[in-house]
Amino acid sequence: MSNHTQDCLRAALAAAQWHAVRAQGPGGQHVNTSATAVHLRLHLDDAGLPAPWRQRLEQLQDGRISSEGVIVIKAQRHRSQALNREDAFAALRQLLLRAATAPRVRRPTQPSRAARRRRLQEKRHRGALKAGRGSVTRDDS
């Protein structure tokens, strides 16, 4: 990973805001009294990301990215707020790294001569097989 990528990641993670909320699910009386889940919010306008990163983030079909350009990550897997905060930052980092890598350009290719020959051979074979399934005529000579 280049220094530029690391700097952009650091800046985006520093711009992220988090706050603790009550976690869902089982946990007895403890879950009703403690805020161990973490909501992490990152406004793409404040993140200072390069334009290509932001475009790729907006194109991602990820439910954590709103139409207003806000990434919201909820982490509640652990019973500790500190672990959930680390979990949320790790998820944000993975999301940003996904946007940092440009997709590979697809170069169209053509099938080889041997592949075309095999395809036509298979078509002839299938055609002959299907032609052999026709109705049988009786020869009464």
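**Exercise 1. Is D62 buried or exposed, and which residue does its side chain meet in a salt bridge?**

Step 1. D62 has 14% relative accessibility, so it counts as buried. Buried means under 20% relative accessible area, exposed means over 50%, and partly exposed lies in between (1.4 Å probe, protein chains only).

Step 2. The model is predicted: local features need pLDDT of at least 70, side-chain atom pairs count only at pLDDT 80 or more, and totals for chains, interfaces and linings use all residues. Residues are numbered from 1 along each chain as its sequence is written, and side-chain values use heavy atoms, with hydrogens and water left out.

Step 3. The partner of D62 is R64, at 2.9 Å from N to O. A salt bridge is a side-chain nitrogen of Lys or Arg within 4 Å of a carboxyl oxygen of Asp or Glu.

Step 4. R64 has a relative accessible area of 31%, so R64 is partly exposed.

**Exercise 2. Which residues are linked with D45 in a network of salt bridges?**

Step 1. The network links D45 with R54 and E58.

Step 2. Within it, the side chains of D45 and R54 meet at 2.7 Å, N to O.

Step 3. D45 is exposed, because its relative accessible area is 60%. R54, at 23% relative accessibility, is partly exposed.

Step 4. For the structure as a whole, the count of salt bridges is seven.

**Exercise 3. Where along helix α6 do R126 and E122 stand relative to each other?**

Step 1. Helix α6 covers residues 113-131. Helices (H or I, at least four residues) and strands (E, at least two) are DSSP runs, numbered from the N terminus.

Step 2. R126 and E122 are four residues apart in helix α6, so about one helical turn separates them.

Step 3. Their side chains meet in a salt bridge of 3.3 Å, N to O.

Step 4. R126 is partly exposed at 42% relative accessibility, and E122 is partly exposed at 40%.

**Exercise 4. Which residues form a positive surface patch?**

Step 1. The patch consists of R113, R116, R119 and K123. Patches are made of residues with over 30% relative accessible area and no salt bridge; like charges are joined within 9 Å, and nonpolar side chains (Val, Leu, Ile, Met, Phe, Trp, Tyr) within 5 Å.

Step 2. Take R116, which is found in helix α6. At 37% relative accessibility, R116 is partly exposed.

**Exercise 5. What is the radius of gyration of the chain, and what does the globule rule give for 141 residues?**

Step 1. List the elements: the chain has six helices and three strands. In sequence order the pattern is α-β-α-β-α-α-β-α-α.

Step 2. The radius of gyration is 28 Å, well over the 14 Å of the globule rule for 141 residues, so the chain is more spread out than a compact globule. This radius is taken over C-alpha atoms, and the rule is 2.2 Å times the number of residues to the power 0.38.

Step 3. The C-alpha trace spans about 95 × 45 × 25 Å along its principal axes. Of the 141 residues, 26% are buried.

**Exercise 6. How many Å apart in space are H43 and G132, C-alpha to C-alpha?**

Step 1. Locate H43 in strand β2, residues 37-43. H43 is partly exposed, with 29% relative accessibility.

Step 2. H43 and G132 lie 67 Å apart in space, C-alpha to C-alpha, and 89 residues apart in sequence.

Step 3. Treat R133 and Q59 likewise: they are 74 residues apart in sequence and 51 Å apart in space, C-alpha to C-alpha. R133 lies in the segment after α6 and is exposed, at 57% relative accessibility.

Conventions:
Accessible areas come from the Shrake-Rupley method with a 1.4 Å probe; for residues, only the protein chains shown count as cover. Lys and Arg count as positive and Asp and Glu as negative; His and the chain ends are not counted. The place of a charge is taken as NZ of Lys, CZ of Arg, CG of Asp or CD of Glu.
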